[in-house]
Amino acid sequence: QRLTDAEADGDERAVEAALRPKTLDEVVGQARVRDQLGLVLEAARRRGRAPDHVLLSGPPGLGKTTLAMIIAAEMSTPLRLTSGPAITHAGDLAAILSGLNEGDVLFVDEIHRMSRPAEEMLYMAMEDFRVDVVIGKGPGATAIPLEIPPFTLVGATTRVGLLPGPLRDRFGFTAHLEFYEPHELDQIVHRSAGLLGVHLTSEGSKEIASRSRGTPRIANRLLRRVRDYAQVRADGVLSLPVAQAALDLFEVDESGLDRLDRAVLDVLCRRFGGGPVGISTLAVAVGEERETVEEVAEPFLVRMGMLARTPRGRVATPAAWHHLGLTPPALPTV
Ligand code: ADP
């Protein structure tokens with residue numbers, strides 16, 4: 001697994017559970033979302049009703065699952081977890097919905113990946129707390145209405161644009177999570193170090209934060225690798241030199257770029273004079289699949305302002321040249 005991957009792999013979920021904030025007050029950053037969500041939950045509590053359905057959108061690793069768990073905890077109700085890809089038939093969803101109790105929070109991760117028929121069933125469930133279960137096929141099929149106790153749906157998506165309008169409209173509250181600022185990641189790293197019981201200096205923490213690509217999941221993962229290094233090759237203290245040595249070893253540089261990111265920039269600048277270069281050519285030149293370059297390396301490089309997509313191909317910006325320690329070519333004079 002890439003150290004800079006914002007998605008969690010299976011084993012990581014268990015480690016992460018220990019580091020998750022348990023209440024809204026413990027959540028670092030995302031001040032506006034915290035504030036708005038706090039209000040929505042408090043109002044629901046006072047009315048003694050399940051809160052409106054909540055849609056959480058944003059890139060992986062920014063805290064969507066964490067917030068879903070907090071919503072359930074703050075409402076003192078159980079959280080039921082599922083995901084879009086797990087719901088392939090409407091019947092899968094009917095089974096989940098019919099097992100809910102009043103006030104339960106149902107978390108559907110990657111909600112944009114649910115099947116169409118399930119999606120349509122979900123509209124009805126969200127709005128009327130009722131679904132029609134179709135029994136049989138063809139002319140003999142009958143729809144049996146099924147009542148569902150009022151519940152709160154919390155949907156998470158990395159691609160809000162892929163959600164059909166009718167589904168999006170049925171959420172009473174939508175929160176978009178943003179990448180974190182370095183000082184917020186610094187706070188998260190400190191908090192996690194405390195929970196892991198490791199000794200971290202403030203410079204060490206800042207170093208980890210600045211290489212974490214604005215993403216708490218990556219910050220926590222880098223922290224664990226720096227801890228390994230500190231315990232095996234140093235005196236156990238996560239200081240600045242230890243953090244630097246550990247992250248250099250794992251090839252995550254000062255700006256959070258990994259080996260593939262740097263390879264893309266390197267080829268673009270040194271071999272193609274900064275571009276424009278087509279994505280396929282770029283992929284061949286770094287020895288990767290086109291999809292890997294496009295989906296794994298490119299989004300972060302674009303976000304960092306180092307790479308631009310143009311109709312004629314990918315172009316390195318001056319920031320890319322500077323990052324490689326090169327001088328950008330002079331702009332043509334008009
Ligand atoms: P997502 O569901 O968006 O992929 P998660 O909620 O699983 O992200 O968060 C990934 C990890 O990052 C969790 O282990 C959690 O500890 C940490 N994390 C995310 N957001 C925050 C935050 N605001 N404050 C502290 N830790 C956070």
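Guide: What follows is a short exchange about the annotated residues and the chain around them.

Guide: This is a predicted model, in which local features need pLDDT of at least 70 and side-chain atom pairs count only at pLDDT 80 or more, while totals for chains, interfaces and linings use all residues. Residues are numbered from 1 along each chain as its sequence is written.

Visitor: How do you know that Leu19 and Arg20 belong to a "binding site"?

Guide: That comes from an unreviewed UniProt entry, whose annotation covers, among others, Leu19, Arg20, Thr66 and Arg217. The annotated residues span 199 residues of sequence and lie up to 37.0 Å apart between C-alpha atoms. UniProt positions follow the numbering used here, feature names are shortened, and annotations may be inferred rather than shown by experiment.

Visitor: Why is Leu19 called partly exposed?

Guide: A residue is buried with 20 or more other C-beta atoms (placed from the backbone) within 10 Å of its own, exposed with 12 or fewer, and partly exposed in between. Leu19 has 19 such neighbours, so it counts as partly exposed. Arg20, with 17, is therefore partly exposed too.

Visitor: What makes Thr66 and Met69 contacts of Arg20?

Guide: Two residues are in contact if their C-beta atoms, placed from the backbone, lie within 7 Å. Leaving aside residues up to four places away in sequence, Arg20 touches Thr66 and Met69, and Leu19 touches Ser192, Leu195 and Asn220.

Visitor: What share of the chain's 334 residues is buried?

Guide: Buried residues make up 35% of them.
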